[in-house]
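Hi there,

Here is the structure I promised to pass on. Please have a look at it, and then read my notes below.

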Amino acid sequence: MEQALRQNAQADLVEPSVPGVSWAAVLAGAVASLALTMVLLSFAAGMGFSVVSPWGNSGVSATTFKIGTGLYFIVMAMISSAIGGYLAGRLRTKWVGVHTTEVLFRDTAHGFLAWAAASVLGAVLLASPATSLVGGTLAGATQGAANAAQSSPMNGYVDTLLRSDNSSAQSQQSASDTHGEMVRLFTTNFHNGSDLNPTDRAYVAKVVSASTGLSQQDAEKRVNDVVTKVKTGLDEARKAGMQAAIWLTLSLFIGAFSAALAATEGGGLRDGTWGKKASSTPAINR
């Protein structure tokens with residue numbers, strides 16, 4: 001009797017010949033998840049254009065739009081990852097002679113792998129246009145340098161600085177060179193720090209006074225107001241980037257969990273064990 005039990009135990013320890021990972025099922029789930037993500041992204045873009053309006057008091061507010069976008073990312077990740085994980089679990093090869101606990105782990109791993117593959121493929125697809133854009137930018141570096149001042153986001157702030165309050169000063173000024181110099185000065189200062197250094201601030205105030213006809217005191221006040229606007233804009237951009245990163249991280253975590261959970265359901269339905277209670281002793285998948 002004891003010898004028979006030992007033989008049964010050794011038979012249970014025999015590793016099945018079927019591989020533990022069905023890569024075809026994983027890739028199928030990943031492709032399906034990625035395709036569904038693209039569809040949902042296209043739908044989100046259309047909905048975004050429909051709820052945003054350039055007119056005042058029309059459409060949703062910026063805060064509502066940000067929160068709605070973040071929640072949509074989470075729902076999108078749940079749907080696409082769950083379907084991809086379910087397919088990965090349902091299409092995988094049946095493992096014969098494997099304990100149900102090991103089957104559960106493998107199904108969970110299949111869902112996670114499908115989510116990971118979809119995430120990597122999605123990142124590659126999104127990175128390809130960015131790489132092409134960078135390559136085109138490097139190829140046209142000379143032209144880009146010539147037009148850098150015109151395309152800089154600091155143009156609006158510098159235009160505010162150099163706006164003249166009287167027609168005589170406006171007609172006498174030659175703003176092209178001064179404007180480019182101010183753009184470079186602002187860009188350099190706010191790239192290296194969060195404010196104009198005292199020397200540049202004093203110089204900017206003198207240039208504003210000479211270009212606009214304002215008194216030195218009024219020019220300094222205008223400089224301070226514009227610098228405050230620059231800081232506010234940069235801080236809003238930083239907060240927007242931080243919130244987008246947080247929403248994206250949450251959607252990725254929830255997507256991974258959804259894919260793993262759905263894969264266990266797909267694998268259980270594949271083997272006919274879904275919804276059945278496990279016995280006190282480890283069962284063998286047959």
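Ile79 is partly exposed, at a relative accessible area of 40%; that class lies between buried (under 20%) and exposed (over 50%), with a 1.4 Å probe and protein chains only. This is a predicted model, where local features need pLDDT of at least 70, side-chain atom pairs count only at pLDDT 80 or more, and totals for chains, interfaces and linings use all residues. Residues are numbered from 1 along each chain as its sequence is written, and side-chain values use heavy atoms, leaving out hydrogens and water.

Ile79 sits in helix α3, residues 62-90 (helices are DSSP runs of H or I, at least four residues, numbered from the N terminus). Together with Val75, Met78 and Ile83, Ile79 forms a nonpolar surface patch with about 310 Å² of accessible area. Patch members have over 30% relative accessible area and no salt bridge, and nonpolar side chains (Val, Leu, Ile, Met, Phe, Trp, Tyr) are joined within 5 Å, like charges within 9 Å. A salt bridge here is a side-chain nitrogen of Lys or Arg within 4 Å of a carboxyl oxygen of Asp or Glu, and the areas come from the Shrake-Rupley method with a 1.4 Å probe, with only the protein chains shown counting as cover for residues.

Ser80 also belongs to helix α3, but Ser80 is buried, because its relative accessibility is 3%. Leaving aside residues up to four places away in sequence, Ser80 touches Ser33, Leu36 and Thr37 (contact means heavy atoms within 4.5 Å).

Now to the aromatics: how many aromatic pairs does the structure hold? There are 2, where ring centres of Phe, Tyr or Trp (its six-membered ring) lie within 6.5 Å; planes under 30 degrees apart are stacked, over 60 edge-to-face, and the rest tilted. Phe112 and Trp115 have ring centres 5.3 Å apart and planes at 40°, so this pair is tilted. Both lie in helix α4 (residues 100-139), 3 residues apart, which means about one helical turn between them. Phe112 is partly exposed at 42%, whereas Trp115 is buried at 17%.

Finally, helix α10 (residues 198-212) has 15 residues and should span 21 Å at 1.5 Å a residue, which agrees with its end C-alpha atoms being 21 Å apart; the expected span is 1.5 Å times one less than the number of residues. Its buried residues include Asp200, Val204 and Ala205. Gly213 follows α10, with a positive phi near 80°.

Best wishes

How values were computed:
Helix = DSSP H or I, 4+ residues; strand = E, 2+ residues; numbered from the N terminus.
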